[in-house]
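Me: I would like a close look at a single part of this protein, followed by how that part sits within the whole.
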Amino acid sequence: PILLALRSEAAGEARVTLTAPVLAGAMHIHILITGAEKREAIHRAAQLTPLEAPVRVVLDNATVHWAE
């Protein structure tokens, strides 16, 4: 599927996201990270597998933008 509905306890509300194959096939990938906690989370995710941290599917090819 192109879209996937999901619910995260941390988010508190349901979300819709593009699936990994769609994101991985994008011409450009940008990730916006806000706050110190998210910065630490993205650093931890970089050490995990895609199964443990789904963002790993695109992280190596992404431009990460930090906003504090």
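Which residue in strand 2 is the bridge partner of Arg7?

Reply: The bridge partner of Arg7 in strand 2 is Ala14, where strands are DSSP runs of E with at least two residues and helices are runs of H or I with at least four, both numbered from the N terminus. This is a predicted model, in which local features need pLDDT of at least 70 and side-chain atom pairs count only at pLDDT 80 or more, while totals for chains, interfaces and linings use all residues. Residues are numbered from 1 along each chain as its sequence is written, and side-chain values use heavy atoms, with hydrogens and water left out.

Strand 1 and strand 2, the latter covering residues 14–18, are joined over five bridges in the antiparallel sense; two strands are said to pair if DSSP finds at least two bridges between them. Together strand 1 and strand 2 make a hairpin, with six residues between them, and in that turn Gly12 has a positive phi of about 80 degrees. Strand 1 (residues 3–7) lies largely in the open, because the number of buried residues among its five is zero; here buried means under 20% relative accessible area, exposed over 50%, and partly exposed in between, with a 1.4 Å probe and protein chains only.

As for the whole, the protein has three helices and four strands, and its elements run β-β-α-β-α-α-β from the N terminus on. Of its 68 residues, 16% count as buried. Leaving aside neighbours within four places in sequence, Ile42 is in contact, that is, has heavy atoms within 4.5 Å, with Ile33, Val55, Leu59 and Trp66.

At the other end of the chain, Glu68 is found in the segment after strand 4 (63–67) and counts as exposed because its relative accessibility is 69%. Not counting residues up to four places away in sequence, Glu68 touches Gly35, Ala36 and Arg39, while its C-alpha atom is separated by 10.0 Å from that of Glu37, 31 residues apart along the chain.
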